[in-house]
Amino acid sequence: MTTQPPALLVAGHGTRDTAGAEAFRSFVRELGRRHPELPVAGGFIELSPPPLGEAVAELVEQGVRRFAAVPLMLVSAGHAKGDIPAALTREKERHPGISYTYGRPLGPHPALLNVLERRLDEALGGDGDRADVTVLLVGRGSTDPDANAEVHKAARLLWEGRGYAGVETAFVSLAAPDVPSGLDRCVRLGARRVVVLPYFLFTGILPDRVRRQTEDWAAAHPEVDVRSADVIGPEPELLDLVWERYEEAVRGDLRMNCDSCVYRIALPGFEDKVGLPQQPHFHPDDDGHHHGHGHGHAHAHAH
């Protein structure tokens, strides 16, 4: 008798943007169509339905006892490091007998860098030489310095070997520099053509904010050619990468970056986070909740 492979649980951040939330749900449905051999479900940590607990319950109702959870997130910040593992621990208490393995966040994977390059080409429309183009990669921004450093790592990897004049970094919330400051920096470095590239998987309130701030800055600086690129989106490369992360988790080939994890290592100004207990997020749509917010994540509700 063949053993049923573990189910796939996709964990999303959540967004107040209905189109962004539906993009996630549609992506999970497509994963299910691609992999009819196993149950696939997805849920959010906060802000939008369905909550992660509901997705786990859906799998359990199908008879699932083992699953691999993959965070649909580009960087390993508080959600991937703390909130999701804490939520999964809670689900083990709710559903005795289930077991799970936990996969890695998605970026900065070469396949996603290729999609980012494609988004830049689309924004440029074949107009001119890459050597004249400075890219401003804009991440979500976090109170976790390791997560912000991951965006800088993605920027460096995007720059390597692709011929752009430079790839600078900015953040849309919680971290400096913000988008206008990032654009100012590009100009101080001599940029005359800039493409602002959102480091986001799907559309949403924050990517919309990036585009709006870019347009406002461009209107005030008509001497600079500024363009906005699109988000990564539900590309085949993203579907393949989630499956790769699933297979890693099933094999136990887990390589989360703990070398500069703020919960393990005392980083300057963040010493109080070392060893901090992790609590799951309160999700308003999760009927079983009787928990408060986890550590320091009230900011997420201000997005």
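These legends go with several close-up views of one predicted model.

**Figure 1. The whole chain, for orientation.** Since this is a predicted model, local features need pLDDT of at least 70 and side-chain atom pairs count only at pLDDT 80 or more, while totals for chains, interfaces and linings use all residues. Residues are numbered from 1 along each chain as its sequence is written, and side-chain values use heavy atoms, with hydrogens and water left out. The protein has 8 helices and 8 strands; these are DSSP runs numbered from the N terminus, with helices being H or I of at least four residues and strands E of at least two. Of the 303 residues, 53% count as buried, where buried means under 20% relative accessible area, exposed over 50% and partly exposed in between (1.4 Å probe, protein chains only). Among contacts with a separation of 6 or more, residues 24 or more positions apart account for 76%; a contact means heavy atoms within 4.5 Å.

Figure 2. Strands count as paired if DSSP finds at least two bridges between them. On that basis β1 runs parallel to β3 (residues 66-71), joined by 5 bridges, and Leu9 has Ala69 as its bridge partner there. Another 5 bridges join β1 to β2 (residues 40-44), also in parallel, and Ala11 sits opposite Gly43 of β2. To get from β1 to β2 the chain goes through helix α1 (residues 18-34), in a right-handed β-α-β crossover. Right-handed here means that, with the strands pointing away from the viewer, the path from the first strand over the helix to the second runs clockwise.

**Figure 3. The buried side of helix α2.** In α2 (residues 52-61), the buried residues include Leu52, Gly53, Ala55, Val56, Leu59 and Val60. They cover an arc of only 160° around the axis, which puts them on the same side of α2; the arc is taken from the directions from the helix axis to the C-beta atoms. After the helix comes Gly63, with a positive phi near 90°.

**Figure 4. Two nonpolar cores.** A nonpolar core is a set of buried Ala, Val, Leu, Ile, Met, Phe, Trp, Tyr and Cys residues joined through side-chain atoms within 4.5 Å. The largest one has 47 residues, and Leu8, Leu72, Leu106 and Leu137 touch the most other members. Leaving out residues up to four places away in sequence, Leu72 touches Val10, Ala11, Phe24, Phe27, Leu106, Leu201, Phe202 and Val242. Apart from this core lies another of 20 residues, among them Ala7, Ile45, Leu52 and Phe67.

**Figure 5. The four-stranded open sheet.** The order is β6-β5-β7-β8, with parallel pairing. β6 and β8 (225-228) stand at the edges with a single partner strand each, so one side of each has no neighbour in the sheet. From one strand to the next the twist averages 25°. β5 (residues 133-139) pairs with β6 over 6 bridges, and Gly139 stands opposite Phe171 of β6. Helix α4 (residues 110-124) packs on the sheet, touching β5, β7 (193-198) and β8, and its direction makes about 135° with that of β7. Helix α5 (residues 145-159) packs on the sheet too, touching β5, β6 and β7, at about 160° to the direction of β6. For these angles, axes are lines fitted to C-alpha atoms, for helices over the stretch in contact, and values run from 0 to 180 degrees between N-to-C directions.

**Figure 6. A closer look at β7.** β7 pairs in parallel with β5 over 6 bridges, where Val194 faces Thr134. With β8 the parallel pairing has 4 bridges, and Val195 stands opposite Arg227. The chain passes from β7 through helix α7 (residues 205-220) to β8, and this β-α-β crossover is right-handed.

**Figure 7. Leu174 in its loop.** Leu174 lies in the loop between β6 (166-171) and α6 (179-188). Its relative accessible area is 41%, so Leu174 is partly exposed. Gly141 is 33 residues away along the chain, yet the two C-alpha atoms are separated by 5.3 Å.
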